[in-house]
Amino acid sequence: MESLAIKQIVQKHSVLICLVISMILIVIATLLYPGGSLLDKNSIGFGWSKNFISNLFAAKAINGAENPGRIWAIIGMAFQSVGYGVFFIHMSKKIALRQWSKILKFIGVANILFIFLIATPLHDLGTISIVLTLIGLFIITVLILKSKLHLLKFCCIICLLTFYCFFFLFGFGYLSSAIIMQKVYNASSILLVLGLEYFTQYDDFIAIKSGEQKV
């Protein structure tokens, strides 16, 4: 009975558990990172305002030294991939509209693969996960805006804006600002995912289905 209770708790809080473990492992990776950044190749250690998270996944740091934090970063990304994947699968079960439910479920399964690829030599292919995550969060945002979950409406919009700001800054070469914004959008997306995981349920979206069927 006790083992069954533990299993149920793990299943219920699987997204939270995966994301917390992921953050802990990523922090460990930053502490072990030798140094070097795009802005200063001779910098020492990992700078949250100087390094992209992707720097942690290289076998060698930008300063040329071996990167002992790489394995921790890769395992951390693996936990994050599972956490985000499970989240989208959970959300798919809460959405009454079948077409959107199927899309979110697909994004959840695909994210488990593509997010992890970011930490491998197939990094460019792995970045597809960012696009999938954006699509998934955009779909959820549209549905949330049609619901009565007013606080989550605000949170969804803010989260998407941080994503777009990062792409704008990175695309136009404002690297110093993009590095900081990367941390902001990661933090905002994690908080939003946890908010949606714990503060939404199937009943919140039933009215949306009814309204669209009438239309």
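The expected span of a helix is 1.5 Å times one less than its number of residues. In this predicted model, helix 7 has 22 residues and covers 32 Å from its first C-alpha to its last, close to the 32 Å expected at 1.5 Å a residue. Helix 6, with 18 residues, reaches 26 Å between its first and last C-alpha, and this is close to the 26 Å expected at 1.5 Å a residue.

Both helices contribute buried residues. In helix 7 these are Leu152, Lys153, Cys156, Cys159, Leu160, Thr162, Phe163, Phe166 and Leu169. The cover over the buried residues of helix 7 includes helix 6 and helix 8. In helix 6, the buried residues include Leu132, Leu137, Ile140 and Ile144, along with residues such as Ser129, Thr133, Gly136 and Thr141. Just after helix 7, Gly173 takes a positive phi of about 85°.

The buried residues lead on to the nonpolar interior. In soluble globular proteins, nonpolar side chains tend to be buried together. The largest nonpolar core in this model has 41 residues, and those with the most contacts inside it are Phe87, Phe88, Met91, Leu137, Ile140, Ile144 and Leu196. Two or more residues of this core come from each of helix 2 (14–32), helix 3 (70–94), helix 4 (98–117), helix 6 (128–145), helix 7 (150–171), helix 8 (175–199) and helix 9 (203–214). Helix 8 gives the largest share of this core, 9 residues. Phe87 illustrates how parts of the chain meet: leaving aside neighbours within four places in sequence, Phe87 is in contact with Val15, Leu137, Ile140, Val193, Leu196 and Glu197. Apart from this core lies another, of 11 residues, among them Ile26, Tyr33, Phe57 and Ala73.

Ser22 is found in helix 2 and counts as buried, because its relative accessibility is 2%. Not counting residues up to four places away in sequence, Ser22 touches Gly76, Phe79 and Gln80. Leu16 also has its place in helix 2, but Leu16 is partly exposed, with a relative accessible area of 31%. With neighbours within four places in sequence left aside, Leu16 is in contact with Leu194 and Tyr198. The C-alpha atoms of Leu16 and Tyr84 are separated by 9.8 Å, although these residues are 68 residues apart along the chain.

The loop between helix 2 and helix 3 holds Gly36. Is Gly36 buried or exposed? Gly36 is buried, with a relative accessible area of 0%. Beyond residues up to four places away in sequence, Gly36 touches Lys41, Ser43, Gly45, Asn51, Ile62 and Asn63. Gly36 and Gly64, 28 residues apart in sequence, lie 8.0 Å apart in space from C-alpha to C-alpha. Gln182 counts as buried, at 9% relative accessibility.

Attention may now turn to open space. Rolling a probe the size of a water molecule over the atoms shows where empty space is left. The second largest pocket contains about 180 Å³ of space. Which residues line the second largest pocket? The lining consists of Leu151, Leu152, Phe154, Cys155, Ile158, Cys159, Ser188, Leu191, Leu192, Gly195 and Phe199. Helix 7 and helix 8 each supply at least two residues of this lining, and the largest share, 6 residues, comes from helix 7.

Cys155, in the lining of that pocket, raises a last question about the cysteines. A disulfide is a covalent bond between the sulfur atoms of two cysteines. How many disulfides does a search of the whole structure find? The search finds 0 disulfides. The closest cysteine sulfur to that of Cys155 is in Cys156, 7.1 Å away, and this is too far for a bond, because a disulfide requires two cysteine sulfur atoms within 2.5 Å. Cys156 is likewise in no disulfide, its nearest cysteine sulfur being that of Cys155. These two residues may also be described by accessibility: Cys155 counts as partly exposed at 28% relative accessibility, whereas Cys156 is buried, with a relative accessible area of 1%.

Note on methods. Residues are numbered from 1 along each chain as its sequence is written. This is a predicted model: local features need pLDDT of at least 70, side-chain atom pairs count only at pLDDT 80 or more; totals for chains, interfaces and linings use all residues. Side-chain values use heavy atoms; hydrogens and water are left out. Buried means under 20% relative accessible area, exposed over 50%, partly exposed in between (1.4 Å probe, protein chains only). A nonpolar core is a set of buried Ala, Val, Leu, Ile, Met, Phe, Trp, Tyr and Cys residues joined through side-chain atoms within 4.5 Å. Helices (H or I, at least four residues) and strands (E, at least two) are DSSP runs, numbered from the N terminus. Contact means heavy atoms within 4.5 Å. On a 1 Å grid over the protein atoms alone, a cavity is a set of points where a 1.4 Å probe fits but cannot get out, and a pocket is an open set with protein on both sides within 12 Å along at least five of seven lines; lining residues have an atom within 4 Å of a point. Grid points are joined across faces, edges and corners, and a volume is the space filled by probe spheres set on the points.
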